[in-house]
Amino acid sequence: YAKCGSIGHARQVFNKIPKENVVLWNTMIAGYAQYGHGKETLELVETMQLEGVKLDCITFIGLLSACSHSGLVEEGRHYFDFMNRGHGITPRMDHYVCMVDLFGRSGHLEEADGFVRSMPFQPSAVVWKALLGACRVH
């Protein structure tokens with residue numbers, strides 16, 4: 001349901017099934033993220049933590065993507081830092097792409113550029129595409 005844009009139906013099904021592993025949570029988070037439901041994503045992640053489900057690197061990709069698609073810049077910054085400090089997850093290329101997209105979509109082009117330049121590895125073509133796409137828009 002989530003991939004088809006029927007987020008309400010996806011949430012109904014999600015609420016009815018046992019959520020014993022992170023995959024189900026990540027699927028719902030990705031659905032919310034894809035359609036710009038940032039606040040709902042943040043609430044779901046909070047619930048996930050309260051239920052004792054451990055966030056993983058995929059959770060943070062969905063979370064950062066939701067922040068990007070919803071204009072939640074400060075929240076994105078917080079969760080990017082919290083990923084490593086709070087959960088011991090080292091950011092991967094996908095996480096950096098989400099952050100460059102977040103800064104670019106929100107018009108923070110200099111911050112996006114600085115973020116690319118401070119990456120601990122060579123930026124991928126996807127990172128440059130996100131930055132160039134933001135430059136074109138702004």
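Mentor: Start with Thr41, which sits in helix α3, residues 38-50. Keep in mind that the model is predicted.

Trainee: Is Thr41 buried or exposed?

Mentor: Burial is read from relative accessible area, and buried means under 20%. Thr41 has 0% relative accessibility, so it counts as buried.

Trainee: Which residues are in contact with Thr41, leaving aside its neighbours within four places in sequence?

Mentor: Thr41 touches Ile29, Tyr32 and Ala33, and also Gly62, Leu63 and Ala66.

Trainee: Helix α3 also holds Lys39. With which residue does Lys39 form a salt bridge?

Mentor: For a salt bridge, look for a side-chain nitrogen of Lys or Arg within 4 Å of a carboxyl oxygen of Asp or Glu. Lys39 pairs with Glu75, and their closest N and O atoms are 3.8 Å apart. Glu75 is in helix α5, residues 73-87, so this pair links distant parts of the chain, 36 residues apart. Both partners are partly exposed: Lys39 because its relative accessibility is 48%, Glu75 because its value is 25%.

Trainee: How many salt bridges does the structure hold?

Mentor: There are five. One of them joins Glu111 to Arg77, with 2.5 Å between the closest N and O atoms. Glu111 belongs to helix α7 and Arg77 to helix α5, so the bridge ties together parts 34 residues apart in sequence. Glu111, at 30% relative accessible area, is partly exposed, and Arg77, at 22%, is partly exposed as well.

Trainee: What about the salt bridge between Asp101 and Arg105?

Mentor: Asp101 and Arg105 both lie in helix α6, residues 93-105, and are four residues apart, about one turn of the helix. Their closest N and O atoms are 2.7 Å apart. Arg105 is partly exposed, with 45% relative accessibility. Bridges can also share partners: Glu74, Arg77 and Glu111 are joined into one network in this way.

Trainee: Next, the cysteines. How many disulfides does the structure hold?

Mentor: A disulfide is a covalent bond between the sulfur atoms of two cysteines, so the distance between sulfurs is the thing to check. The structure has zero disulfides. For Cys98, the closest cysteine sulfur is that of Cys67, 9.4 Å away, which is too far for a bond. Cys135 is in no disulfide either, as the nearest cysteine sulfur, in Cys98, is 18 Å from its own. Cys98 is buried at 11% relative accessibility, whereas Cys135 is partly exposed at 39%.

Trainee: How many helices and strands does the whole chain have?

Mentor: It has eight helices and zero strands. The radius of gyration is 15 Å, close to the 14 Å that the globule rule gives for 138 residues, so the chain is as compact as a globular protein of that length. Buried residues make up 41% of the 138.

How values were computed:
Residues are numbered from 1 along each chain as its sequence is written. This is a predicted model: local features need pLDDT of at least 70, side-chain atom pairs count only at pLDDT 80 or more; totals for chains, interfaces and linings use all residues. Side-chain values use heavy atoms; hydrogens and water are left out. Helices (H or I, at least four residues) and strands (E, at least two) are DSSP runs, numbered from the N terminus. The radius of gyration is taken over C-alpha atoms; the globule rule is 2.2 Å times the number of residues to the power 0.38. Buried means under 20% relative accessible area, exposed over 50%, partly exposed in between (1.4 Å probe, protein chains only). A disulfide is a pair of cysteine sulfur atoms within 2.5 Å. Contact means heavy atoms within 4.5 Å.
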